[in-house]
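Please look through the structure shown below, together with its sequence. The questions that follow it are meant for a reader who is meeting it for the first time.

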Amino acid sequence: MEKRVVFRSAWLPYALIAPQIAITIVFFFLPAAQAIWFSFLVQDAFGISSEFVGLQNFRQLFDDEHYLLSFKTTAVFSVLVASIGIGVSLVLATAADRVIRGALAYKTLLIWPYAVAPAVAGVLWAFLFAPSVGIITFALKQFGIEWNWVLQEDQAMTLVVIASIWKQISYNFLFFLAGLQSVPRSLIEAAAIDGASPFRRFWTIVFPLLSPTTFFLLVVNIVYAFFDTFGVIDATTQGGPAGATQILVYKVYHDGVKSADLGGSSTQSVILMIIVIALTVAQFRFIERKVQY
Amino acid sequence: MVENRPWLTLWSHGVLLTGIALIAFPLYITFVASTRTLEEILQVPMPLVPGPHFWENYSQVLTAGTTRGAAAPVGQMMLNSLIMALVIAFGKIAISIIASFAIVYFRFPLRTFFFWMIFVTLMLPVEVRIIPTFKVVSDLGMLNSYVGLTLPLIASATATFLFRQFFMTVPDELAEAARVDGAGPMRFFWDVLVPLSKTSMAALFVIQFIYGWNQYLWPLLITTDESMYTAVIGIKRMIVGGDALTEWHLVMATAVLALVPPALVVMLMQKWFVKGLVETEK
């Protein structure tokens with residue numbers, strides 16, 4: 001799409017776009033290029049000299065069982081966060097689409113967790129589940145469940161999944177609600193006249209029409225679980241116990257900042273970039289398809 | 001509604017109320033803990049109604065911080081968060097709107113190239129280029145400064161897209177009329193485009209304010225000086241490991257302080273928030 005009417009100036013457009021481009025080059029392209037460059041280097045123990053080693057870092061990484069474990073952890077984590085988060089939000093949005101009285105109040109009270117920082121969400125839930133003082137820990141103990149996410153791998157995973165979903169529900173909810181409200185009333189009415197129950201109408205009409213929204217949210221939630229949940233994990237489990245919640249992003253941070261392994265961390269960065277690019281392409285392919293609907 | 005089914009409506013209300021209760025539960029417990037003393041929290045189970053120590057706890061964190069973890073006053077941290085959120089929100093809007101003005105209303109060599117350059121940044125979130133970005137910022141001497149906190153996060157492909165999308169819908173006749181009347185491009189920008197973009201700006205502002213306020217990884221990396229901590233980082237630094245050692249009443253008061261400003265922005269500017277959320281994802 002192009003504008004028919006344009007202005008002419010030899011220098012003005014460059015001056016206008018310069019700030020954005022300058023920041024993009026200095027803080028995006030330079031670091032990204034450096035990450036790619038570092039991923040082909042190996043540094044000595046003192047960080048003084050480095051040597052070009054080609055793809056050795058990548059080979060080493062894929063032989064490293066910790067890294068492969070981190071891949072698996074990320075996959076489990078993001079599937080749990082995306083599927084449960086989308087499921088719960090869909091139920092809430094369907095209910096909110098039905099009620100008339102109090103609709104605005106319900107909506108307002110459901111959307112605020114979007115404003116909570118992931119790290120704060122993590123702290124809130126870590127406190128509820130705290131091994132010795134947590135109120136939920138206490139309640140679980142009454143049912144005979146020993147809860148200690150500091151030691152138990154599954155429980156640590158449960159904690160970060162709950163905290164991550166809690167923060168993301170409001171986002172999913174708003175998109176589902178918008179999707180539900182754009183389902184043509186005439187279709188629903190026609191089905192109702194034909195005697196279809198609300199349950200049947202949902203599964204045969206509403207849910208298929210929502211599929212673009214659901215797919216979009218699936219991609220967004222996976223991106224969220226991959227990257228934005230860093231705060232949740234750092235504020236609670238810090239990847240532990242024994243790497244049970246160490247997702248890929250956390251490992252990049254851990255290896256690069258805490259272990260100062262520049263080459264290994266950069267190699268992981270490059271792999272993450274490839275994943276983001278794939279996810280972004282998936283998202284845009286989807287948007288193109290939506291236009292043709 | 002298509003038909004009257006009282007039971008289904010009742011069920012919907014039930015689902016919503018349960019959802020709201022479950023979502024609010026952590027916040028409620030947090031608030032309760034922030035109004036109690038540490039001893040009361042450590043005695044299991046902790047009390048479930050707010051206690052009388054509200055002013056005590058909040059004034060201590062605001063002016064002095066915790067005694068065992070980070071000792072910086074949370075008042076300073078909140079000021080840092082506010083500065084960071086405002087600079088990022090206004091900065092993003094400002095540099096994106098002029099960039100998209102150039103892209104939409106001018107023809108110049110490298111235009112498409114620049115557009116793609118901005119587009120590609122969508123695919124480079126800060127999380128994937130942590131170490132090299134940190135190096136660049138430290139080489140530029142921007143550690144522990146507001147510039148270092150904000151500038152690297154100010155370039156935004158989404159905001160640029162949003163304005164580009166919006167400018168495309170502005171009728172060509174307006175630009176034509178401006179040209180016929182002898183108005184230059186900047187005059188047209190200030191007198192026509194900026195007033196027309198107000199809604200988009202408000203929507204973007206809400207989203208970017210929350211984005212800026214809630215930043216975590218970036219301030220964690222580049223602030224080592226307690227006086228530069230943001231509120232979110234401050235909470236993390238107050239947790240010293242070990243349930244009994246952490247001063248939970250103060251941590252929880254800080255958590256409430258850290259989440260109230262962005263939550264208020266979302267709830268009070270709900271209309272803009274929803275618009276911004278939906279439009280930045282287009």
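**Core, contacts and loops**

The model is predicted, and its largest nonpolar core has 164 residues, those with the most contacts inside it being A:Val120, A:Val123, A:Trp125, A:Val249, B:Phe101, B:Ile235 and B:Ala255.

Q: Which helix gives the largest share of this core?
A: The largest nonpolar core has 164 residues. Its largest share, amounting to 17 residues, comes from residues 74-105 of chain B, which form helix H4.

Q: How many of the residues in helix H5 of chain A are buried?
A: Helix H5 of chain A covers residues 118-128 and is mostly covered. Among its buried residues are A:Val120, A:Val123 and A:Trp125, and these three are also listed with those that have the most contacts inside the largest nonpolar core. The number of buried residues in H5(A) is 11 of 11.

Q: Which residue of chain B does A:Val249 touch, not counting residues up to four places away in sequence?
A: A:Val249 is listed with the residues that have the most contacts inside the largest nonpolar core. With residues up to four places away in sequence not counted, A:Val249 touches A:Phe226, A:Phe227, A:Phe230 and A:Leu272, and from chain B it touches B:Glu127.

Q: How many residues does each chain bring to the contact between chain A and chain B, and which helix gives the largest share of the side of chain A?
A: The contact takes 82 residues from chain A and 86 residues from chain B. By class, the side of chain A that touches chain B has 66 nonpolar, 12 polar and four charged residues. The largest share of that side, 18 residues, comes from residues 12-38 of chain A, which form helix H1.

Q: How do helix H11 and helix H14 of chain B run, roughly parallel or roughly antiparallel?
A: The axes of H11(B), residues 198-213, and H14(B), residues 248-268, come within 10 Å and cross at roughly 165 degrees. The crossing is left-handed, and the contact has eight nonpolar, no polar and no charged residues. Because angles over 145 degrees count in this way, H11(B) and H14(B) are roughly antiparallel.

Q: Is A:Ala242 buried or exposed?
A: A:Ala242 has a positive phi of about 55 degrees although it is not a glycine, and it lies in the loop between helix H11 and helix H12 of chain A. Because it has 11 other C-beta atoms within 10 Å, A:Ala242 is exposed.

Q: How does B:Asn144 count by its C-beta neighbours?
A: B:Asn144, in the loop between helix H6 and helix H7 of chain B, has a positive phi of about 55 degrees although it is not a glycine. Because 15 C-beta neighbours lie inside 10 Å, B:Asn144 counts as partly exposed.

Technical notes:
Residues numbered from 1 in each chain as written. Chains lettered and ligands numbered in written order. Predicted model: local features only at pLDDT ≥ 70, side-chain atom pairs only at ≥ 80, totals over all residues. Buried ≥ 20, exposed ≤ 12 C-beta atoms within 10 Å, placed from the backbone. Helix = DSSP H or I, 4+ residues; strand = E, 2+ residues; numbered from the N terminus. Contact = placed C-beta atoms within 7 Å. Nonpolar A, V, L, I, M, F, W, Y, C, P; charged D, E, K, R; others polar. Axes fitted to C-alpha atoms, helices over the stretch in contact; angles between N-to-C directions. Parallel < 35°, antiparallel > 145°, perpendicular 65-115°, else oblique. Left-handed = near helix turned anticlockwise from the far one by under 90°. Core = buried A, V, L, I, M, F, W, Y, C linked by C-beta atoms within 7 Å.
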